[in-house]
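Open the structure in your viewer and keep the selection tool at hand. This tour tells you what to select at each stop and what is there.

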Amino acid sequence: MTTAAPRIELIGLTRRLPSGERLLTILDRIDLSIAAGEFVAVLGPSGSGKSTLLALMAGLDRPTSGEVRLDGSAIQDLSEDALALLRRDKIGFVFQSFQLLGNLTARENVLLPLELAGRPEAGARADALLSTVGLAERGHHYPSQLSGGEQQRVALARAFGTRPPILLADEPTGNLDRATGKIVLDTLEQLRIESGTTLVLVTHDPDVARLADRRIHLVDGRIDREERTVAENVP
Amino acid sequence: MRPSLALTLMARESRGSAAKVLFFLACLSVGVAAVVAVAGLSGGIDRGLRREARTLLAGDVAVRSAKPIPQAVVAQVSTFLAAHPGSRSAELYEMVTVVAVPREGGQVASALVELKAVGPGWPFYGEVKTEPPRPLDELLAENGVLVAPDLARKLDLTEGSRLDVGGHACTVRGQILSEPDKLGVGIDLGPRLLMSRAGLAATGLETFGSRIDRKILIKLPDDATAKTAEDFEKAIEAELKPDSGIRVETYVDAQPGLRAGFRNATRFLGLVALVSLVLGGIGVAETVRAWLASRLDAIAVLKCLGLRPREVVALYAGETALLGLLGSLVGAALGTAILAIAPKLLADILPAVPIPAFSASAILRGLLLGTGTAVLFSIAPLSSLRLVPPLRVLRRDAEPLEASKVARLAVALVLIAGVFGAAWIQSGSPKLATGFAGGMIAAAAILAGAAWATTRLVERAARGRLRVTLRHGLAAVARPGAGTLPAITALGLGVLVVVGMLLVQRGLTASLKADRPDEAPNLFLVDMQTGQWPKAEAILRSQGAQSIRTVPIVTARLASIDGVTAADLAARRGDRGRGRWIFTREQNLTWMKELPKDNEIVAGALWSDPKTNEISIEQDFAQDLGAKLGSKMVFDVQGVPIEMTVTSLRKVGWRSFGINFFLVVEPGVLDDAPQRRVAAARVPTGSEQVVQDRIAAELPNVVVLRVREIIEKVAKLLDRIGLAIRILGGFAIAAGIAILAGAVGASASRRGREVALLKTLGATRAGVVGTFSVEFALLGLVAGVIGTVGGGILAWAVITKGMELPWTWRPAILLLSPIGAVILSVLAGIAASTSALRKRPIEVLRAE
């Protein structure tokens, strides 16, 4: 019986960066496998390499050594063009600072990935997503006219627009108050379940991480421990 | 990415960028306006001359000669007329002469005129406007003449007045207001006098040696084609000797010499206009750089969302091109408006042909060059978009993607090639284009170097002891991202162009008006018969004339040099025009025992070989002819071949204004040849008119040329030409100012924060203005000094090496130009900082 390749697989992943005359090891021989549809939270103190891990998974950065595989295919040596197409088709993003384009309305921000991917009926899909995130009436507003929570919900709608197999979220509630953050997380979860998306979420908030199927703790660039919601602790 | 999506994204991207759009328009429109105006003028003149060719020729064909037209040619014309029913011919003679009006007490009042004598039928095309408006034949019958309004005013002539032409009494029948074949370009030696051909014959002015431009005008039958005209031209030319001095021109040729002259002039002006456009390009590059710097986060997001690097570049390049097109459209409209008024402003130096304001080809050229410039100068910042790391979405300090050295080199080469290409389009000459591109790059490099050095110097200068206004102003110049380099480069280039052009034009004018030696003549007598000299001399002496000099002139044609005929020598030259003309034209020979002071023997010895007829040649003329010491030259002197040997070469000081000749023959060789005289003298100021009046009365065929008046006319023409050039140079300054203002505007938000902070800390508005003024003044000073020095070097090279004139220092221009640049820079900078200066601290700090 053949098993499907993991959605995301990291093999001996290492990333070093020059710091003055030294080389700083940000990630050190990370091995990680994430199945399709899994919700994995990555936790760790500041400087533990969480965002770097996310960046390598998305092809935003290249590893010093090791492999990044998405659905069995290595991506670390792809060209910038190929990586852009990969992100267009397979990966959605949610950022701590929302990263909406300020000169586009909320609706246009949601439309953008759909237009880039050439999806039919992009307008209808964008309207449906805005409705799902509770912003159907705010589509014509610019990001500067929306609150932080509203902006992040627009970002969620944008991220799920093309129904990407993978969604990467970097501290999505980091700039929000608790109540707003909860709304955002609930929306994220709702969209994830609807789409069956594999979600990797970086957070420093244990309460947020508790929502995940699996929690990876990073310390000094290494996986310190792993926890599953229904599995034993792995030292 | 689909084109429709790209356009959608471009439209969205341009939101909230009014300042950027305005600056684009300002940068490009100035340069495009200059390009369109010059191209429109050039094309308009060329097309106008072609369209009005028949009118300007006053016929379909003209047979032209400075000597009496041979009977054989006259017969050929008659044969042609007979063979082409419906065709006609008319004579047209033009010359410069002095006319006189008898006054009481035997006195006369005289004036130099440009006389035109026309046969029945003239003009075959176009209209003559006269006052009174009666048929021309009627007005000119029985020694009737028409005078220009200027002449009527000068000599107080009315209808019925007597006017002596060549001593022959004529009657003024009215005024000539316009002639269809008057080109209106260049200098008029005198106002117009129109008379009939028969009237001229009666005056006795047509004597041996008279300088008359003779034409037979031919009108072809109405159904004749251009081929008929050209066939006739070829038939006449086939029968002519190469050195006959007769030219045949058809309306198809359409004033080739004049068109070529204007083409050369507008080629030069086109390059001056291109400078403004190149400066606009520098401004565009800075705008794009600043704009893209503000969009880095957005670009990283776009790459994150799946836009490929080349799609990102294409998106912003497309936006740049569209903005470039918009700026070019504004510039084209401006250029068209300038073209509507230019002919009126420059009437003295443009031919009298209608020049339409709207020129599709000029507008197209402006759009192409403007949009091309916008894209070309944006290539460097646009290509760096490929290097924006998408990782920036997670980490703002992410390293840019690696740049290829080959790519950087390619960008630089494309830029240079683009400037060269634009210069080639403007000048039509790869050689000029190379010189232009090289010069621009060198000047820009020097200015950029000066800007860099200024920044470094100011950075390191001990500012601690300076007053706070000065200290902060200087610090602003050295700040990274201050836009110092492009501002200084652009403004400096503008100053260089304007100062360079101004110095050249002033140098030319001054050279004309330069203090001549005390003994330099201010009056020339030409078209004088030998027997008339004693009386002319007596008149001159009676008026206190000094430095009187007279020489004989014998006209001859060059037959051969060292056994090679002039025809063969001309043919070997290959090109039409001056190269051949030097062999085929009529040569003026003179003789004298001793050379005047302004002649210096540089090779050989004067009259050193008693065994041969000797000739002395001016050294440059000898080089043009290909003659050297020992060369045997044969001249056809009124039908008699005479061989002479070149025994000396001379250097001539032409600026002495004395009577000088390229060819001086040994005395005794040409004594018996038909000859006339020319004389020069210096008469006291105020006596010139008296001399002219008396000569007109007693020697009516002698033409008196007054040097001062001619120099003033030439100087006035040069001033007008200089005006046109300075207007174009002004565009360059305007472009430089626009860039400075744009650089200031691009940093508006930073300046606003600065102003808010300074005001919070207690600075007054005047203090802040002072700080900004120091910054802009330093930029203007560096740009002004370097630009002035560069312009001075350019002008020196053009005047001393190009025109071989002496260089004169002009301290006023050299001093005032940098000061002007400082003032302009401060005014423009403060004006562009107005919104920042108005910011209240709370507005800015709240927004933070």
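Is B:Glu179 buried or exposed? Select B:Glu179: its relative accessibility is 11%, so it counts as buried (buried means under 20% relative accessible area, exposed over 50%, partly exposed in between, with a 1.4 Å probe and protein chains only).

Before going on, note that this is a predicted model, in which local features need pLDDT of at least 70, side-chain atom pairs count only at pLDDT 80 or more, and totals for chains, interfaces and linings use all residues. Residues are numbered from 1 along each chain as its sequence is written, chains are lettered from A and ligands numbered from 1 in the order in which they are written, and side-chain values use heavy atoms, with hydrogens and water left out.

**Stop 1**

B:Lys116 is in strand β3 (residues 108-118) of chain B, while B:Glu179 is in the loop between β7 (168-178) and β8 (192-196), 63 residues apart. Helices (H or I, at least four residues) and strands (E, at least two) are DSSP runs, numbered from the N terminus. B:Lys116 is buried, at 1% relative accessibility.

**Stop 2: a pair within one helix**

Select helix α2 (residues 18-51) of chain B, where B:Asp46 and B:Arg50 lie 4 residues apart, about one turn of the helix. They form a salt bridge, with the closest N and O atoms 3.1 Å apart. B:Arg50 is partly exposed at 44%, whereas B:Asp46 is buried at 17%. Over all chains, the structure has 50 salt bridges.

**Stop 3: the nonpolar cores**

A nonpolar core is a set of buried Ala, Val, Leu, Ile, Met, Phe, Trp, Tyr and Cys residues joined through side-chain atoms within 4.5 Å. The largest one has 112 residues, and those with the most contacts inside it include A:Leu10, A:Met57 and B:Leu279. Helix α9 (residues 256-294) of chain B gives the most to this core, 15 residues. Last, select B:Val98, B:Ile539, B:Val691 and B:Val704, which belong to a second, separate core of 38 residues.

Methods. A salt bridge is a side-chain nitrogen of Lys or Arg within 4 Å of a carboxyl oxygen of Asp or Glu.
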